[in-house]
Amino acid sequence: LQFWNNKTKVTRLTIPTSIVGGGFSIYGRNELKLGSSPSAWYGSPNTVVNGVITPTQYEDAQPIYQASWSNTFTFYKNFEFSFLLHRSYGNYNSNLTQKQKDLGGTSPDWSNEDNLNGTVGVPNGVARNPSNPNVTARQFIQDASYFRLREVGLYYNVPKTFLSTHYNNTVKSVKIGASATNLFTITKYEGYDPEVSNYGNQSVGASVDNTPFPSSKRIFMHISVGF
């Protein structure tokens, strides 16, 4: 079992508050700002504070915590079952994929009329368009918490007594089985994959989601023979 978190705060800044990384005001972006996390999201609506245009601060791209559980069990002497579970909680993405799906008319709820963003009788796909003055970054900065089965495997070790009887000790071991990666993910995130970063693995400007290819589900068959 593992449990970890990471908290950051800018404690000294010799330059003015600055925009860093990718992203846009309406969809969310990061800022270097004294006293705040450099991976916190900022975006519309903007307010004027002491004559300075100040965006609204939202949640952080970094998770509040992460946890994992990996283990291997042996049962009925010759069977092995292994797995790796991963939990990420409280991380938020800037979901530009939502905008792309709306523009393409492929959002599952595009035609629904849920009176979003101050509209009545307007399809959701239109009501969410950034051209609507009532649309803010809140719509795109979304909770990307998830629970994922990263790895799982089931194997069978052929008994050595069977091998010695039938192969006269020529074959020392035989192991057969199957395994899979990213078999399932539980999340309420509206993008293709909550674990995403179009700008790569970087400290700021990460967690921007713009129609990436999601993590692949892969299934393998195994056979291992030792002589």
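Rings of Phe, Tyr and Trp, the last taken by its six-membered ring, are paired if their centres lie within 6.5 Å, and planes under 30 degrees apart count as stacked. In this predicted model, nine aromatic pairs are found. The rings of Phe3 and Tyr65 form a stacked pair, because their centres are 5.3 Å apart and their planes stand at 25 degrees. This pair joins distant parts of the chain, with Phe3 in strand β1 (residues 2-4) and Tyr65 in strand β6, 62 residues apart. Phe3 counts as exposed at 59% relative accessibility, whereas Tyr65, at 25%, counts as partly exposed.

A stacked pair is also formed by Phe73 and Phe83, at 6.0 Å centre to centre and 20 degrees between the planes. Phe73 lies in strand β6 and Phe83 in strand β7, ten residues apart. Phe73 is partly exposed, with a relative accessible area of 39%; Phe83 is buried, at 10%.

The largest nonpolar core comprises twelve residues, including Ile26, Trp41, Tyr92, Phe140 and Val208. Apart from this core lies another, of five residues, among them Phe83, Leu85, Leu149 and Ala180. Not counting residues up to four places away in sequence, Ile26 touches Ser44, Pro130, Val135, Thr136, Ala137 and Phe140.

The largest pocket holds about 490 Å³ of space. Its lining consists of 27 residues, with Ala61, Gln62, Pro63, Gln66 and Ser207 nearest the centre. Strands β6 (65-75) and β7 (79-89) are the elements that give two or more residues to this lining. By class, the lining has nine nonpolar, 17 polar and one charged residues.

Conventions: Residues are numbered from 1 along each chain as its sequence is written. This is a predicted model: local features need pLDDT of at least 70, side-chain atom pairs count only at pLDDT 80 or more; totals for chains, interfaces and linings use all residues. Side-chain values use heavy atoms; hydrogens and water are left out. A nonpolar core is a set of buried Ala, Val, Leu, Ile, Met, Phe, Trp, Tyr and Cys residues joined through side-chain atoms within 4.5 Å. Buried means under 20% relative accessible area, exposed over 50%, partly exposed in between (1.4 Å probe, protein chains only). Contact means heavy atoms within 4.5 Å. On a 1 Å grid over the protein atoms alone, a cavity is a set of points where a 1.4 Å probe fits but cannot get out, and a pocket is an open set with protein on both sides within 12 Å along at least five of seven lines; lining residues have an atom within 4 Å of a point. Grid points are joined across faces, edges and corners, and a volume is the space filled by probe spheres set on the points. Helices (H or I, at least four residues) and strands (E, at least two) are DSSP runs, numbered from the N terminus. Ala, Val, Leu, Ile, Met, Phe, Trp, Tyr, Cys and Pro count as nonpolar, Asp, Glu, Lys and Arg as charged, and the others, Gly among them, as polar. Rings of Phe, Tyr and Trp (its six-membered ring) pair if their centres lie within 6.5 Å; planes under 30 degrees apart count as stacked, over 60 as edge-to-face and the rest as tilted.
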